[in-house]
Amino acid sequence: MLKAFFLPTAQGERFCAVHAPAGTPRGAIAYVHPFAEEMHKSRRMAALQAQALAARGWLVLQVDLLGCGDSAGDFGDARWPLWAGDVRAGLEWARARSPGPLALWGLRLGATLACELAADPALGVERLVLWQPVASGEHFLTQFLRLRLAAEMLGGGAATSALAELRGQLAQGRTLEIAGYDLHPDLAAAIERVQLAPLRPAVKRVDWLEVGAEAAPLRPGPRRVVERWRADGLDVRAATLAGEPFWSTIEITECAALLDATEEALA
């Protein structure tokens, strides 16, 4: 059963969609969506997964973070700590409605934010499901800034800026418009600082799932994070599944293998 509502926070209301099971939930899962346009590209996959997990008995909560989707505020108002507060508020709402374990599920930069939050044992998160998590915020920000350069080249035949110049503008406190989104310098700085490897999620299990051209071992970067976490005693199950990167494809696409693997992980 799908319901929508607005969750009040100190910075305004957050639009939420909740997929509820027919009976008493076996547990609750909060979904943390990805960054900027990736959120919209992945809405279908997130909805399909939420429906499937609800059918398995989970209460699944999806929250549009500050300045995203149908929530209050503009994207230029977004800050990393405020997004973290939105997820915490969603977890509190979900915990109050489910007697079972609490889980966080995130995609791309949303998965990275979920990892950072799960490092706080006071939240009581027991499981992490990570879809294509961003291991390096610095690399992610670089890729996002390159969208600005690509737009300049399409508009005038050559880029009128350089990465160093764009970073310099952010360092001076200037907001940048990139691919239709206003990136505040505080948010950019917070993203650039994020690194997954040093984090220690205080959970019982992590399922790290990636999508690639074929089912294969993890890429070197993610593999190093997984190996470090395992060395620290974390139970991490990792796999790369065959499919398209639905968060960035031109057409809305699906990855059935990822849906199936997530269901199996949470069974």
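Me: Where does Gln 132 lie?

Reply: Keeping in mind that this is a predicted model, Gln 132 is in the loop that runs between β6 (125–131) and α5 (137–156).

Me: And is Gln 132 buried or exposed?

Reply: Gln 132 counts as buried because its relative accessible area is 8%, and the cut-off for buried is under 20%.

Me: What is the phi of Gln 132?

Reply: The phi of Gln 132 is positive, about 45 degrees, although Gln 132 is not a glycine. As background, most residues other than glycine have a negative phi.

Me: Which phi does Arg 108 have, and where does Arg 108 lie?

Reply: Arg 108 is also a residue other than glycine with a positive phi, in this case near 55 degrees, and it lies in the loop between β5 (102–107) and α4 (109–118). With a relative accessibility of 17%, Arg 108 counts as buried.

Me: Let's step back a bit. How many helices and strands are there in the protein chain?

Reply: The protein chain contains nine helices and ten strands, and along its principal axes the C-alpha trace spans about 55 × 40 × 35 Å.

Me: What radius of gyration does the chain have, next to that of a compact globule?

Reply: The chain has a radius of gyration of 18 Å, which agrees with the value near 18 Å that a compact globule of 267 residues would have. Of those 267 residues, 52% are buried.

Me: Now salt bridges. How many does the count come to?

Reply: The count comes to 15 salt bridges. One of them joins Arg 43 and Asp 64, with the closest N and O atoms 3.3 Å apart. This pair links distant parts of the chain, since Arg 43 is in helix α2 (residues 43–55) while Asp 64 is in the loop between β4 (58–63) and α3 (80–95), 21 residues apart.

Me: Are Arg 43 and Asp 64 buried or partly exposed?

Reply: Arg 43 is partly exposed, with a relative accessible area of 36%, whereas Asp 64 counts as buried at 5% relative accessibility.

Me: What about a network? Which residues are linked in one?

Reply: Arg 127, Arg 205 and Asp 207 are linked in a network of salt bridges.

Me: Changing topic, which residues form the negative surface patch?

Reply: The negative surface patch is formed by Asp 74, Asp 77, Glu 177 and Asp 182. Asp 182 lies in strand β8 (residues 181–183), and it counts as partly exposed because its relative accessibility is 39%.

Me: Last one: how far apart are Thr 24 and Ser 98 in sequence and in space?

Reply: Thr 24 and Ser 98 are 74 residues apart in sequence, and 7.5 Å apart in space from C-alpha to C-alpha. Thr 24 sits in the loop between β2 (12–19) and β3 (27–32) and is exposed, with a relative accessible area of 65%.

Note on methods
Residues are numbered from 1 along each chain as its sequence is written. This is a predicted model: local features need pLDDT of at least 70, side-chain atom pairs count only at pLDDT 80 or more; totals for chains, interfaces and linings use all residues. Side-chain values use heavy atoms; hydrogens and water are left out. Patches are made of residues with over 30% relative accessible area and no salt bridge: like charges are joined within 9 Å, nonpolar side chains (Val, Leu, Ile, Met, Phe, Trp, Tyr) within 5 Å. Accessible areas come from the Shrake-Rupley method with a 1.4 Å probe; for residues, only the protein chains shown count as cover. A salt bridge is a side-chain nitrogen of Lys or Arg within 4 Å of a carboxyl oxygen of Asp or Glu. Lys and Arg count as positive and Asp and Glu as negative; His and the chain ends are not counted. The place of a charge is taken as NZ of Lys, CZ of Arg, CG of Asp or CD of Glu. Helices (H or I, at least four residues) and strands (E, at least two) are DSSP runs, numbered from the N terminus. Buried means under 20% relative accessible area, exposed over 50%, partly exposed in between (1.4 Å probe, protein chains only). The radius of gyration is taken over C-alpha atoms; the globule rule is 2.2 Å times the number of residues to the power 0.38.
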